[in-house]
Amino acid sequence: MNYNEQLRQKITAAEQRRIEATAILKAAKSQRKTGFAEFIHDMLFGLGLRNIFYGIYDVALLTIVIAGAIIALLNGLPADYGQINPNIYGIMFAASPAVYMAFFLLAFLKERSGGGFDVKMTCRYTALHLCAFRMFLCGIFCMIFNVAAAGILAVRAGVDFAEIAAISFSSLFLFALVMILSLLRFGTKGCIVPAAVMAMCVIMSVFQWYNALLRSIPTAAYVVLGAVLLVLNQSVLNKINRRFSYAVR
């Protein structure tokens with residue numbers, strides 16, 4: 001076989017491989033990544049709430065009990081509590097994300113310590129997908145809870161409902177953002193960061209100047225801040241979905 005025939009065979013083989021590769025690519029179904037709305041729909045109607053909360057039913061129940069205990073405590077406040085305790089704004093800012101933090105930290109720690117975390121990260125619905133969706137649902141629950149708590153405080157303590165609700169709204173999503181970023185950055189050790197921030201806010205609530213500062217901020221500013229933080233939280237959750245995204249089947 002001369003040189004020309006060998007060259008012709010190599011070219012023919014290369015062309016055949018190119019044709020086969022093109023045919024495989026055309027036959028393969030293109031996969032699209034899920035958006036946030038598709039992710040929520042797929043988790044809710046595809047996986048289902050029963051599977052989403054599988055293994056943390058006790059954590060969810062404990063969270064509801066904590067929320068109920070807080071509501072009962074607020075209902076027991078004296079009618080003049082707003083005059084007795086002028087630090088109510090600082091306390092509300094520090095306590096608003098308490099239920100959210102309790103659920104998320106307990107669920108996250110149980111997920112990490114329960115074993116099989118690495119295996120779950122290889123599934124179609126990874127542990128981070130479950131975590132992101134649980135945070136989404138818990139955020140909705142805590143918003144409703146905080147509105148109810150603000151309403152009770154407005155009646156029992158004589159404070160302005162709009163102010164208290166706006167403060168709790170911005171505080172909730174501020175702590176939520178700090179929490180998720182800390183956990184993504186530091187892993188389980190990141191739990192220390194939001195806990196430390198909450199402890200600092202509790203300590204600060206003792207000081208009159210801090211409460212006066214919180215009260216001096218316009219209600220509209222709290223609403224805008226909360227809305228921005230809410231968008232940032234959704235953006236982070238969406239990045240989690242895309243980073244560990246699964247293809248729609």
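How many aromatic pairs does the structure hold? Here are some notes to read alongside the model.

1. **Ground rules.** This is a predicted model, in which local features need pLDDT of at least 70 and side-chain atom pairs count only at pLDDT 80 or more, while totals for chains, interfaces and linings use all residues. Residues are numbered from 1 along each chain as its sequence is written, and side-chain values use heavy atoms, with hydrogens and water left out.

2. **Aromatic rings.** The structure holds four aromatic pairs. Rings of Phe, Tyr and Trp (its six-membered ring) pair if their centres lie within 6.5 Å; planes under 30 degrees apart count as stacked, over 60 as edge-to-face and the rest as tilted. One of the pairs joins tryptophan 209 and tyrosine 210: the ring centres are 6.1 Å apart and the planes stand at 80°, so this pair is edge-to-face. Ring pairs also link Phe207, Trp209 and Tyr210 into a cluster.

3. **Buried or exposed?** Buried means under 20% relative accessible area, exposed over 50%, and partly exposed in between (1.4 Å probe, protein chains only). Tryptophan 209 has 51% and is therefore exposed, whereas tyrosine 210, at 9%, is buried.

4. **Cysteines.** A disulfide is a pair of cysteine sulfur atoms within 2.5 Å, and a search of the whole structure finds zero of them. For cysteine 138, the nearest cysteine sulfur is that of cysteine 142, 3.9 Å away. Cysteine 138 counts as buried because its relative accessibility is 7%, and cysteine 142 is buried too, at 0%.

5. **Two helices meeting.** Helices are DSSP runs (H or I, at least four residues), numbered from the N terminus. The axes of H10 (residues 161–186) and H11 (residues 192–204) come within 8 Å and cross at roughly 145°. These axes are lines fitted to C-alpha atoms over the stretch in contact, with angles running from 0 to 180 degrees between N-to-C directions. Contact means heavy atoms within 4.5 Å; the residues making it include Phe175 and Met179 of H10 and Val197 and Cys201 of H11.

6. **The core.** A nonpolar core is a set of buried Ala, Val, Leu, Ile, Met, Phe, Trp, Tyr and Cys residues joined through side-chain atoms within 4.5 Å. The largest one has 60 residues, and Tyr100, Phe104 and Leu153 have the most contacts inside it. H10 supplies the largest share of this core, 13 residues. Leaving aside residues up to four places away in sequence, tyrosine 100 touches several residues, among them Cys138, Cys142 and Met179.
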